[in-house]
Amino acid sequence: MMAQLPEQRLPVELFLDLDRSGPVPLYYQISSRLEQAIRDETLPAGSRLENEVALAARLGLSRPTIRRAIQELVDQGLLVRRRGIGTQVVHGKVTRNVELTSLYEDLERSGQTPETTVLAVEHGTADDRVAEALGVELGSPVLHIRRLRSADGVPLAILDNVLPEPFIDLDEESLEKHGLYQLLRARGVTMRVAKQRIGARAATAGEAELLDLSRGAPVLTMSRTAFDNSGVAVEFGQHCYRPDRYSFEVTLVDR
């Protein structure tokens, strides 16, 4: 049974850089900062958060905003609500969960330095598979980007994404400096759900060279279509990862 610790008052410094007028919802900003506090053990396993009313008052935010931020982490299995106890941290440090984040963000949160080599940025049209995944007309304008993602100089993944017409002006310079999901959120996109499939296969010769693997070595694969809060597809990705440097973790939450 998880030990009950005293209620922990979060340092206000954790929230000093909240952007109260930008496109990123406040609940998401709060949730991200709480998640980081759990990952770096500012909020250790077993600790209890101060109550929502008190935290909302200290930050000058509404209680529904704080409640939604906390619920995001409850849904991920990082926090749990306990009657008579309050909201409690389930985990300390975690590996990358299968959740709606990007590899770039996950590397930053784990203290690693993400590096991106843009392999291709191409304008094209949607074929049958892309049109079905993105829910657009066959032949619609799309942007195809392909990147090599490394961390601290070690290649980790080849990321292959197709984006619909509203995002075809993304450029190589931006993609080298920022994660794709960061760029989409900066445009006001709120990603809410994704269809995702995880698998494994042998690396192609080109993939093996980029990932510094022997030819035919196994790679993990993930295909994902992400949708915004209105149900519109914003990206279709097909990625492969080095299995010795990368793994997926799934948290199962009893609802």
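Modeller: In H3, the buried residues are Thr65, Ile66, Ala69, Ile70, Glu72, Leu73, Val74 and Gln76. Keep in mind that this is a predicted model. The cut-off for buried is under 20% relative accessible area.

Start with the geometry. H3 covers residues 63-76, which is 14 residues. At 1.5 Å a residue, H3 should span 20 Å, and its end C-alpha atoms are 20 Å apart, so the two values agree.

Now the spacing. An α-helix has 3.6 residues a turn, so residues three or four places apart point the same way. Read the buried set with that in mind: Ile66, Ala69, Ile70 and Leu73 are among its members. Glu72 and Gln76 are also buried.

What do the buried residues of H3 pack against? Two helices are on the list: H1, and H2 at 52-59. Strands are there too: E2 (48-49), E3 (79-82), E4 (86-89) and E8 (191-202).

H1 is mostly covered, with eleven of its 14 residues buried. Among them are Tyr27, Ile30, Leu34, Ala37 and Ile38. The buried set of H1 also includes Arg33, Glu35 and Arg39. Just after H1, glutamate 41 takes a positive phi of about 65°.

For a view of another element, go to strand E6, residues 141-151, where serine 150 sits. Serine 150 has a relative accessible area of 10%, so it counts as buried. Beyond its neighbours within four places in sequence, serine 150 is in contact with Leu107, Thr113, Pro114, Glu115, Pro155 and Leu156.

Then the whole protein. It has eight helices and ten strands. The radius of gyration is 20 Å, close to the 18 Å that the globule rule gives for 255 residues, so the protein is as compact as a globular protein of that length. The C-alpha trace spans about 55 × 40 × 35 Å along its principal axes. Buried residues make up 46% of the 255. Of the contacts with a separation of 6 or more, 62% join residues 24 or more positions apart.

Last, surface and charge. The accessible surface comes to about 13000 Å², and carbon and sulfur atoms hold 49% of it. There are 31 positive and 37 negative side chains. The centres of these two sets lie 7 Å apart.

Methods
Residues are numbered from 1 along each chain as its sequence is written. This is a predicted model: local features need pLDDT of at least 70, side-chain atom pairs count only at pLDDT 80 or more; totals for chains, interfaces and linings use all residues. Side-chain values use heavy atoms; hydrogens and water are left out. Helices (H or I, at least four residues) and strands (E, at least two) are DSSP runs, numbered from the N terminus. The radius of gyration is taken over C-alpha atoms; the globule rule is 2.2 Å times the number of residues to the power 0.38. Buried means under 20% relative accessible area, exposed over 50%, partly exposed in between (1.4 Å probe, protein chains only). Contact means heavy atoms within 4.5 Å. Accessible areas come from the Shrake-Rupley method with a 1.4 Å probe; for residues, only the protein chains shown count as cover. Lys and Arg count as positive and Asp and Glu as negative; His and the chain ends are not counted. The place of a charge is taken as NZ of Lys, CZ of Arg, CG of Asp or CD of Glu. The expected span of a helix is 1.5 Å times one less than its number of residues.
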